[in-house]
Protein chains: 2
Amino acid sequence: MSHFIELLKTRWETSKSMLCVGLDPDTERFPEFILEHECPIFTFNQAIIDATQQYVCAFKPQIAHYSALGAEDELEMTIDYIKEYYPEIPVILDAKRGDIGSTAEKYAMEAFERYGADAVTVNPYLGADSLEPFIKHEDCGVIVLCHTSNPGAKDVQQLDVHGKPLYEHIAQLCVGLNKHNNLALVVGATQIDALRNVRSIANDMPILVPGIGAQGGDLAAVLEAGRAGDGYGLIINASRSILYASKGNDFAKKAGEEAKALQMAMG
Amino acid sequence: MSHFIELLKTRWETSKSMLCVGLDPDTERFPEFILEHECPIFTFNQAIIDATQQYVCAFKPQIAHYSALGAEDELEMTIDYIKEYYPEIPVILDAKRGDIGSTAEKYAMEAFERYGADAVTVNPYLGADSLEPFIKHEDCGVIVLCHTSNPGAKDVQQLDVHGKPLYEHIAQLCVGLNKHNNLALVVGATQIDALRNVRSIANDMPILVPGIGAQGGDLAAVLEAGRAGDGYGLIINASRSILYASKGNDFAKKAGEEAKALQMAMG
């Protein structure tokens with residue numbers, strides 16, 4: 001079993017939580033006093049991490065929120081902070097990378113070596129050989145997009161291929177590639193039927209479920225359709241509804257309350 | 001017509017070339033003296049750009065080669081250098097981004113605002129609404145993966161959807177989204193039949209063709225299958241065969257010769 005999956009399974013049990021907090025910093029939504037700090041994004045994240053850590057099974061920084069601003073250094077600081085103070089919590093770098101083999105090697109270096117993430121999200125459109133350079137990092141998690149939470153998911157992911165939607169073929173492809181037991185899948189919270197289908201194809205493979213909170217997914221339905229046999233199996237992400245629960249000086253406290261409420265609702 | 005397409009069309013005619021040089025720096029393959037420079041990647045790129053610019057219709061830096069090393073600053077310097085000295089040559093940021101709308105906005109900021117690229121490559125797996133945040137930058141080019149050059153392309157892109165391979169549906173989706181005339185497609189040089197099919201679906205939409213050179217694509221076959229009605233229409237990328245034509249002090253001269261030979265072969 002990969003180090004990522006081991007971390008995750010242990011953390012599900014010790015935290016009694018399948019909540020993942022997405023660290024998607026949007027400086028326009030920060031409390032004003034944070035903007036005066038030298039590293040506002042890191043300062044914001046640090047407060048959110050401290051306030052929510054006891055309620056989470058994972059943290060998931062979304063890299064575009066850093067790279068759009070040239071803030072890779074603050075992403076590094078954020079992951080380093082989690083690794084130093086909360087090493088028992090896995091970090092998923094949400095980057096949705098995908099390229100041919102020799103370039104995919106570079107993306108794997110970016111995620112696992114440069115940033116030290118425990119897992120990375122990847123896009124399957126280029127096929128199995130584009131996933132292998134990630135998968136061969138046996139201790140790291142490789143979380144493959146299967147059925148996303150946006151309306152446009154239907155344009156490609158739901159296309160009918162030999163009587164089954166494309167996303168089911170992707171789930172099956174990943175089951176076949178899971179020789180190191182380090183794969184996981186992404187299925188959006190807005191797609192309950194897809195979640196149920198993917199769970200039945202993927203056995204107890206972890207499923208990352210974005211779309212709770214700001215995107216409107218239904219938590220009870222997600223739990224019913226997506227839980228694995230051991231009662232866990234899900235990494236249920238919320239970002240904006242937690243990070244921006246308040247724009248006041250109490251933003252971290254409110255984020256903690258929001259995270260706690262979600263953790264309780266998953267009980 | 002978008003600024004990107006205008007730049008490209010003008011450049012095809014003035015350079016009499018459809019060659020694109022991929023700026024995929026791999027420091028292990030650099031001549032040793034380059035490694036002594038403070039910014040070795042930028043120094044290498046600068047020499048390659050100066051030596052090949054007269055033979056190219058575009059430059060295409062591949063971002064993973066920078067982000068794996070934390071060298072975003074040298075990518076910025078590289079694009080700034082092209083913009084300052086060769087503003088008539090379009091720059092394609094090869095990043096293959098793809099995410100839901102609010103995150104795709106951030107990736108568009110990364111490519112077009114932070115780096116100032118004229119175009120970016122994107123992945124269509126998340127559907128039309130994941131492409132729109134790029135497309136709405138009307139002056140910028142959005143180059144969508146259709147059929148890639150790697151063997152794994154068959155795993156997903158060639159799956160049969162209602163009697164046609166998936167990549168043809170992607171090409172058609174892009175034709176339908178091309179209201180600002182700023183879209184283009186990626187079809188690998190190893191896939192001549194796919195290139196012919198996509199050309200017939202996409203009319204005169206530009207097609208970026210990686211896979212010449214190190215990946216073994218056949219240039220004459222690419223030209224025959226992929227040219228648009230005006231005799232141009234292709235952005236034929238070569239990276240390693242040009243960048244690493246020599247590991248000696250003559251690397252730039254050899255890169256220039258290699259680029260010239262490819263440009264001549266496209267005549």
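## Strands β4 and β5 of chain B

In this predicted model, β4(B) and strand β5 (residues 141-147) of chain B pair in the parallel sense over 4 bridges. Two strands count as paired if DSSP finds at least two bridges between them. Strands (E, at least two residues) and helices (H or I, at least four) are DSSP runs, numbered from the N terminus. B:Val120 stands opposite B:Val142 in β5(B). The chain passes from β4(B) through helix α6 (residues 128-135) of chain B to β5(B), and this β-α-β crossover is right-handed.

β3(B), helix α5 (residues 101-114) of chain B and β4(B) make a right-handed β-α-β unit. From strand β4 (residues 119-122) of chain B, B:Ala119 and B:Thr121 point one way. B:Val120 and B:Val122 point the other way, and all are buried. Buried means 20 or more other C-beta atoms within 10 Å of the residue's own; 12 or fewer is exposed, and in between is partly exposed, with C-beta atoms placed from the backbone.

## The sheet of chain A

In chain A, 8 strands form an open sheet with parallel pairing. The order is β2-β1-β10-β9-β8-β5-β4-β3. β2 (58-61) and β3 (92-97) of chain A stand at the edges. Each has a single partner strand, so one side of each is left without a neighbour in the sheet. Neighbouring strands of this sheet are turned by 30 degrees against each other on average, direction ignored. Axes are lines fitted to C-alpha atoms, for helices over the stretch in contact, and angles run from 0 to 180 degrees between N-to-C directions.

One pair in this sheet joins strand β1 (residues 19-23) and strand β10 (residues 234-238) of chain A, parallel over 3 bridges. A:Val21 stands opposite A:Ala238 in β10(A).

## Helix α1 of chain B

Helix α1 (residues 3-15) of chain B has 13 residues and should span 18 Å at 1.5 Å a residue. Its end C-alpha atoms are 18 Å apart, which agrees. The expected span is 1.5 Å times one less than the number of residues. The buried residues of α1(B) are B:Phe4, B:Ile5, B:Leu7, B:Leu8, B:Arg11 and B:Trp12. They cover an arc of only 160 degrees around the axis, which puts them on the same side of α1(B). The arc is that of the directions from the helix axis to the C-beta atoms.

## Loop residues

Most residues other than glycine have a negative phi. A:His162 has a positive phi of about 50 degrees although it is not a glycine. A:His162 lies in the loop between β6 (160-161) and β7 (164-165) of chain A. It counts as exposed, with 8 C-beta neighbours inside 10 Å. B:Lys16, also not a glycine, has a positive phi near 50 degrees. B:Lys16 is in the loop between α1 and β1 (19-23) of chain B. With 14 C-beta neighbours inside 10 Å, B:Lys16 counts as partly exposed.

A:Phe30 sits in the loop between β1 and α2 (40-52) of chain A. A:Phe30 and A:Phe251 are 221 residues apart in sequence and 8.6 Å apart in space, C-alpha to C-alpha.

## Confidence and conventions

The mean pLDDT of chain A is 96, and 98% of its residues reach 70 or more. pLDDT is the predictor's confidence in each residue, from 0 to 100. The predictor gives the complex an ipTM of 0.97 and a pTM of 0.98.

Residues are numbered from 1 along each chain as its sequence is written, while chains are lettered from A and ligands numbered from 1 in the order in which they are written. In this predicted model local features need pLDDT of at least 70, side-chain atom pairs count only at pLDDT 80 or more, and totals for chains, interfaces and linings use all residues.

Conventions. A crossover is right-handed if, with the strands pointing away from the viewer, the path from the first strand over the helix to the second runs clockwise.
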